[in-house]
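Hi there,

Here is the structure I promised to pass on.

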Amino acid sequence: MQAKLSAVALSIAAAFALSACGPKEEAPPPVAAPAAPAAKPEVVVKLGHVAPMTGPQAHLGKDNESGAVLAVEELNAQGLEIGGAKVKFQLVSEDDQADPKQGTIVAQKLVDEKVNGVVGHLNSGTTIPASKLYADAGLPQVSPSATNPKYTQQGFKTAFRVMANDVQQGKVLGEFAAKQGVKTVAIIDDRTAYGQGLADEFRKAAEGLGLKVVANEYTTDKATDFKAILTKIKSTKADLVFYGGMDAQGGPMVKQMKELGIKAKFLGGDGVCTPEFMKLGGPAADGQFCSLPGVPLEQLAKGPEFKTKFNTRFGYDIQLYAPNAYDAVMVIADAMKRADSVEPAKYLPEVGKTNLEGVTGKIEFDEFGDLKSGAISLYQYKGGTLSYVETLGGAPAPEAAPAPAEPAAAPAAPAAPAEAKK
């Protein structure tokens, strides 16, 4: 009997064992978490910037560089995407020392580095020879300050500028001299592409309006002593001395005019329309005249804001061309966005189609790469500051909006006008 029970127990145990070894119901596989979107690639866009960073014009070169730096920083803060990639702009700055030979050396360096575009050069004398290298490489070049007409008359499709040229400026300066009642003029230039170019255009305009040129004298952009040529000019009793050149020579020149007892007024272009001219000329700078391409910043929609941002970022006042350098960077970036490409060959056609409201006003190019609207503003040095006189030529610019009045329980006082550039 016990044997039977043991057999039954064994049978039951075997049944359970077989049951345990049977097929199991498998659990559903875990659901995979959604894949994180792939990070967009980042592309570094190199923009070359060239200006004299050493030598007598270093203060102007630094000014240009600062304007370009401010534009690059603002573009990077926007987190732009072009051609499906996040774009990071990088400024590659080079020093051409305002020397044509050095200008071509650094231009070739930028071409070899495969920059995506060029802002510069500052001087016409370096911009013109460098422009052929950029054209051969298909690199868009936007100069903030080269004014000699030859730059855009060479037929290069890569050459643009964001300020009026010497034809436009020289004509206005001649007209202004005539309006001041000037009858006789002595002309001095520094033999650079800028200085000579501006002086030649002034001469054409002045003679066309009946003014008599009684002296033509020459110096260099390295000179500091002008007494020999000024002594010759004193004997002519000219009503006006016109100078084509930069502030490093213009300031000492007016100082030496006063020392020699020359009564003629002094008139120059944008190269002498700077704080440095006043510093070098001292009291002799007072009462003299100069011109700047464009409309005064305080009269432009974006001008006062730019001045505040610039001063806050760099801790010094705008010297001369910083707003133009800023706009030159923005012209290139705007063309890239419209072309949806940072490749020079693809965005170059869009540069010529630019229709941009820049800090310096409306930016549109003609078929040569010059600004369509070439306004010129005249200033007079008074008490250590530049006093605005008038603007000639060009199209009317949008005015800066007045600052809104602060809300208050009592009737608000009229809003203070925006701070002026000069």
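Which side chain does lysine 109 meet in a salt bridge? The partner is glutamate 94, with N and O 3.3 Å apart. By salt bridge I mean a side-chain nitrogen of Lys or Arg within 4 Å of a carboxyl oxygen of Asp or Glu.

Before the rest, a word on the source: this is a predicted model, in which local features need pLDDT of at least 70 and side-chain atom pairs count only at pLDDT 80 or more, while totals for chains, interfaces and linings use all residues. Residues are numbered from 1 along each chain as its sequence is written, and side-chain values use heavy atoms, with hydrogens and water left out.

**Confidence**

The average pLDDT (the predictor's confidence in each residue, from 0 to 100) is 88 for the chain, and 84% of the residues score at least 70. Residues 1–25 have a pLDDT below 50, and beyond near neighbours in sequence this stretch has 0 contacts (heavy atoms within 4.5 Å) in the model. Residues 396–422 also stay under 50, but for them the model has 39 contacts beyond four places in sequence.

**Salt bridges**

The count comes to 18 salt bridges. Back to the pair above: lysine 109 sits in helix 3 (residues 100–112) and glutamate 94 in strand 3 (residues 85–95), 15 residues apart. Helices (H or I, at least four residues) and strands (E, at least two) are DSSP runs, numbered from the N terminus. Lysine 109 is partly exposed at 44% relative accessibility, whereas glutamate 94 is buried at 11%. For these words, buried means under 20% relative accessible area, exposed over 50%, and partly exposed in between (1.4 Å probe, protein chains only).

Arginine 161 and aspartate 370 form another salt bridge, at 2.5 Å from N to O. Arginine 161 belongs to strand 6 (residues 159–161) and aspartate 370 to the loop between strand 13 (361–363) and strand 14 (376–382), so this pair ties together parts 209 residues apart in sequence. Both residues, arginine 161 and aspartate 370, are buried.

Lysine 222 and aspartate 221 are also bridged, with their closest N and O atoms 3.2 Å apart. Here lysine 222 is exposed at 53% relative accessibility, while aspartate 221 is buried at 13%. There is a network of salt bridges too, linking Asp334, Arg338, Glu350 and Lys353.

**Helix packing**

Helix 2 (residues 58–78) packs against helix 12 (residues 322–339) at an angle of about 40°, the axes being 7 Å apart. Axes are lines fitted to C-alpha atoms, for helices over the stretch in contact, and angles run from 0 to 180 degrees between N-to-C directions. Residues making the contact include Gly67, Ala71 and Leu75 of helix 2, and Ala325, Val329 and Ala333 of helix 12.

**Backbone details**

The peptide bond from glycine 120 to histidine 121 is cis, with omega near 0°. Histidine 121 is placed in the loop between strand 4 (117–120) and helix 4 (124–137).

Two residues other than glycine have a positive phi, alanine 98 at about 60° and aspartate 340 near 55°. Alanine 98 lies in the loop between strand 3 and helix 3 and is buried at 15% relative accessibility. Aspartate 340 is in the loop between helix 12 and helix 13 (344–351), where its relative accessible area of 46% makes it partly exposed.

Best wishes
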